[in-house]
Amino acid sequence: MPSTAHRLRRRTAAVLALLAGAAALALPPHPRAQAVPSDRRTTAEAQWIDRTTVVWKGARSAAAQLEFGDPADRDGRPTGRIRLTPGTLTPAERAAYPHLTGYPAFTVDPRDRALAATALRGRLVATQRTADGPRTTGVQLPGVLDDLYGTRARRAALGPVFHGGRPTLAVWAPTARTVALELAGRRVPMHRDGASGVWSARGERDWTGQPYRYLVTVWAPDAGRTVTNAVTDPYATALTADSARSLVVDLADPRLAPEGWAALRKPAPVPLRRARIQELHVRDFSIEDRTSHHPGQYLAFTDTGSAGMRHLKALAAAGTTHVHLLPAFDFSSVPERRADQQRPACDLAALPAGSERQQECVAKTADRDGYNWGYDPLHYTVPEGSYASDPDGTARTVEFRRMVQGLNGSGLRTVMDVVYNHTAAAGQDDPHSVLDRIVPGYYHRLLDDGTVATSTCCAGTAPEHTMMGKLVVDSVVTWAKQYKVDGFRFDLMGHHPKANVLAVRKALDALTPARDGVDGKSVILYGEGWNFGEVADDARFVQATQRHMAGTGIATFNDRARDAVRGGGPFDADPRVQGFASGLYTDPNSAPANGDSAAQRARLLHYQDLIKVGLTGNLADYAFTDTAGRRVTGAQIDYDGAPAGYAAAPGDALAYVDAHDNETLYDALAYKLPPGTPAADRARMQVVALATAALAQGPALSQAGSDLLRSKSLDRNSFNSGDWFNALHWQCTDAPRGAAADNGFGRGLPPAADNKDKWPYAKPLLADPALRPDCATQNAASAAYRDLLRIHATEPAFGLATTAAVQSALSFPRSGPDETPGVLTMRLADLVVVFNATPQRQAQTVPALTGRRYALHPLQAHGADRTTATATYDRAFGTFTVPPRTVAVFRRG
């Protein structure tokens with residue numbers, strides 16, 4: 001059994017196979033498996049779904065019973081029974097539990113239903129006598145717990161709640177025999193409300209600031225006995241270092257509000273369809289920024305003169321609207337005290353660019369350093385302590401708020417990456433298991449045999465259960481109200497019920513400036529709408545997937561255009577598979593995986609149709625002429641057997657070409673472009689790729705640093721790769737010894753765990769100094785990208801609100817059998833945009849525009865990129881001529 005220090009693991013090959021070609025997921029840390037000794041491991045094939053019905057996979061159609069033990073008996077010896085008779089599921093039950101409709105159902109004898117509350121607080125097994133002998137299995141309880149307690153419990157105020165300066169602490173633990181409060185070293189009894197299952201204790205004013213835990217005595221099926229767990233509060237609002245204790249803290253306490261907090265002025269809100277988002281990691285942002293006074297901390301966002309903040313301000317001035325922070329809630333994988341964080345012992349900067357030694361050295365401290373993406377939630381509603389100046393106490397609360405102030409003051413709204421779909425651990429033995437040690441078997445999604453589902457990589461939660469769904473809503477509302485967060489990105493949102501995410505939207509919409517200090521309607525929501533795992537194809541509920549979220553105002557990531565722009569998929573065995581912006585057909589790299597010239601041409605033209613759909617906002621009903629000359633809709637364009645277009649309106653699909661997961665855009669192009677491609681041409685292709693998202697209808701996201709050609713030295717899964725592979729380099733002159741510039745490329749072969757199979761491709765690339773762009777090239781790419789952002793921000797046609805408006809204003813006049821491979825021409829109201837991904841200057845004639853006045857957009861004609869400024873328009877023929885590897889925007893005069 002590995003130690004808890006090794007709780008981070010990559011996804012299994014099986015999960016990757018499920019996702020291949022469908023999505024580029026964030027690959028979160030994987031806590032260690034929750035093992036149970038074989039003599040205690042039991043199945044739980046019976047599911048008590050409500051007070052009247054039990055479903056038992058594999059049971060016979062004969063009488064059965066539930067045997068329960070005395071809650072006071074540590075070993076749970078049977079003391080009572082609940083009789084079961086063969087029955088059927090009602091229509092309502094079949095709708096609520098579609099995955100159970102084929103299993104035998106049993107009706108609870110009406111005479112025994114009053115025993116449910118007692119039975120649920122001790123050992124519980126289902127038994128049946130058959131001709132083959134007795135059958136026994138454990139019982140899953142979430143359904144009946146929701147039925148008995150959910151109506152009252154969902155209205156309960158949990159965690160520390162203050163009235164008149166006095167706190168009440170409350171925790172939902174309906175199956176517990178007893179719950180006590182361990183407060184500052186003493187034990188305080190708690191009272192149980194029988195209607196809700198909530199235990200509470202009202203305190204005095206002097207409880208404020210005191211550390212506490214709950215002492216929960218409960219039957220634990222995986223332990224096979226009654227246990228007493230000392231556990232932190234899942235509704236904690238503050239913590240001691242390393243999450244050892246919760247703290248009794250009132251987030252409304254004025255002492256926790258930084259100066260100016262109550263009167264914080266935010267940048268004007270924008271509709272989600274106009275959002276332009278920079279995704280970054282709190283530590284990445286500043287840990288190697290020599291101009292920051294608070295490297296790696298929340299307070300780095302208050303260093304207004306730092307290189308990083310100056311760059312964010314420049315992006316905001318150009319049209320970036322939001323910064324998306326990777327997980328900044330309390331997670332389990334990093335020692336929070338800096339003194340406990342280890343550093344690689346090697347002189348990494350002195351090692352060769354294509355060496356194995358950097359990753360080997362980084363790996364030795366990877367589980368004990370200060371770096372992790374943070375997709376291993378511990379407490380959902382407390383800021384992560386390792387980013388605070390002092391993790392022990394409320395500094396993290398104050399400094400998170402100061403971070404929001406700093407970003408808002410720079411013209412940027414703040415989005416949080418939230419990870420409610422799994423926890424760092426489950427079971428009774430791991431101290432990082434919080435929810436499951438309070439109500440065993442409830443908060444996590446259980447498979448038919450009673451084991452915890454792990455398709456998300458970790459112990460998957462069940463937001464379909466009342467109190468897990470409530471936790472999601474309550475947590476999001478707390479971040480929005482108490483920390484003034486402006487948006488939320490849901491990790492693996494497809495593992496949530498659509499109803500749960502809509503409940504979040506409804507709760508946010510109810511927040512008003514007058515009552516709550518925030519306008520909840522201006523808070524944006526988007527997430528990963530992937531469809532896989534035990535919930536796939538709505539097996540258990542209607543999921544929050546791409547197709548289901550259309551029309552809700554909640555966006556999902558659009559993988560269709562992303563794959564077309566980059567080429568191939570995120571899990572290709574050969575990373576050289578090319579796409580529109582990486583030279584497919586027009587600048588072939590000779591990799592056999594791309595096929596012959598005819599195959600490349602056909603695939604490129606199909607990719608261009610996918611990108612066209614993406615430029616519309618990925619609209620399902622948008623009609624256009626495809627590259628074969630057929631009149632089609634977005635939904636009729638194929639994406640690996642699924643409809644490419646799925647959105648009902650602009651804003652339903654979020655455009656992107658790179659994010660924290662998988663290779664950065666620069667690294668993907670390093671693999672895919674022909675090896676001899678100069679760095680300046682790679683930079684131009686980077687801007688072409690970014691433009692397909694930046695100039696699309698609907699919201700768009702880019703990974704921080706991509707405008708500066710950011711590299712992670714070809715690491716495709718850098719969640720645990722340390723600062724060496726992850727840190728952003730805002731000043732490219734701050735380079736390792738022997739390098740003239742630094743964008744992160746050539747820092748050694750990427751970590752073996754997720755990249756060794758690509759090392760044969762990576763090694764010659766990393767050793768090639770021509771692939772390291774100089775400072776002028778990096779800065780030029782960023783300036784060209786900002787020009788595109790300015791165009792998007794100043795041209796209303798990029799923010800159309802309906803499918804009808806897009807259909808009327810947007811067209812692809814060159815689309816059809818004579819379309820130029822590698823070139824897309826988009827007409828949008830008074831604009832014409834030409835995306836030239838080829839190595840040649842290209843002329844695009846639009847006969848319908850002959851005689852009309854167009855000119856290169858002033859922001860490009862007088863912009864940073866003098867190559868783009870050479871783009872021309874010939875009015876006599878309606879011909880737009882664009883330089884190689886260039887996106888040019890023309891405006892009607």
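Which residues in α6 meet which residues in α20? I opened the notebook with this question and took it to the predicted model.

**Entry: the α6 and α20 contact**

I find H311, A314, L315 and A318 on the α6 side, and S782, Y785, R786, L789, R790 and A793 on the α20 side. By class, the residues of this contact are six nonpolar, two polar and two charged. I then looked up the geometry of the pair. Helix α6 spans residues 307-318 and helix α20 spans residues 775-794. Their axes come within 7 Å and cross at roughly 35°.

**Entry: annotated domains**

I consulted the UniProt record for domain boundaries. The unreviewed entry gives "domain: Glycoside hydrolase family 13 N-terminal" at residues 158-236. In the model, I read this span as 0% helix and 62% strand, and its end C-alpha atoms lie 9 Å apart.

The UniProt record, again an unreviewed entry, also places "domain: Alpha-1,6-glucosidases pullulanase-type C-terminal" at residues 741-890. For residues 741-890 I note 29% helix and 22% strand, with the end C-alpha atoms 34 Å apart.

**Entry: cavities**

How many cavities of 30 Å³ or more does a search of the whole structure find? I record eight. The largest cavity has a volume of about 230 Å³. It is lined by 23 residues, of which R566, G569, P570, N662 and E663 are the closest to its centre.

I returned to N662, one of the residues closest to the centre of the largest cavity. N662 is in the loop between β31 (653-656) and α15. Its phi is positive, about 65°, although N662 is not a glycine.

D538 sits in the loop between β25 (524-527) and α12 (546-549).

**Entry: helix α15 and its surroundings**

I next examined how α15 is covered. Eight of its eight residues are buried. I list them as L665, Y666, D667, A668, L669, A670, Y671 and K672. Which helices do the buried residues of α15 pack against? I note α13, α16 (679-694) and α19 (759-766).

In α13, I looked up D559. D559 counts as buried because its relative accessibility is 0%. I also took the C-alpha separation of D559 and T320, which is 21 Å for two residues 239 apart along the chain.

**Entry: two loop residues**

D768 lies in the loop between α19 and α20. I class D768 as partly exposed, because its relative accessible area is 25% and that class runs between 20% and 50%. D768 and A238 are 530 residues apart in sequence, and I read 49 Å between their C-alpha atoms.

A510 is placed in the loop between α10 (498-509) and α11 (513-516). A510 counts as partly exposed, with 39% relative accessibility. Leaving aside neighbours within four places in sequence, I find A510 in contact with R515 and D516. Its C-alpha atom is separated by 9.8 Å from that of V477, which is 33 residues away along the chain.

**Entry: Q842 in strand β36**

Q842 belongs to strand β36 (residues 842-845). Why does Q842 count as buried? Its relative accessibility is 14%, and I call a residue buried because it falls under 20%. Outside four places in sequence, I list T820, V823, N836, F880, T881 and V882 as the contacts of Q842. For V882, I also recorded the distance: Q842 and V882 are 40 residues apart in sequence and 5.4 Å apart in space, C-alpha to C-alpha.

Notes:
Residues are numbered from 1 along each chain as its sequence is written. This is a predicted model: local features need pLDDT of at least 70, side-chain atom pairs count only at pLDDT 80 or more; totals for chains, interfaces and linings use all residues. Side-chain values use heavy atoms; hydrogens and water are left out. Axes are lines fitted to C-alpha atoms, for helices over the stretch in contact, and angles run from 0 to 180 degrees between N-to-C directions. Helices (H or I, at least four residues) and strands (E, at least two) are DSSP runs, numbered from the N terminus. Contact means heavy atoms within 4.5 Å. Ala, Val, Leu, Ile, Met, Phe, Trp, Tyr, Cys and Pro count as nonpolar, Asp, Glu, Lys and Arg as charged, and the others, Gly among them, as polar. UniProt positions are given in the numbering used here, feature names are shortened, and annotations may be inferred rather than shown by experiment. On a 1 Å grid over the protein atoms alone, a cavity is a set of points where a 1.4 Å probe fits but cannot get out, and a pocket is an open set with protein on both sides within 12 Å along at least five of seven lines; lining residues have an atom within 4 Å of a point. Grid points are joined across faces, edges and corners, and a volume is the space filled by probe spheres set on the points. Buried means under 20% relative accessible area, exposed over 50%, partly exposed in between (1.4 Å probe, protein chains only).
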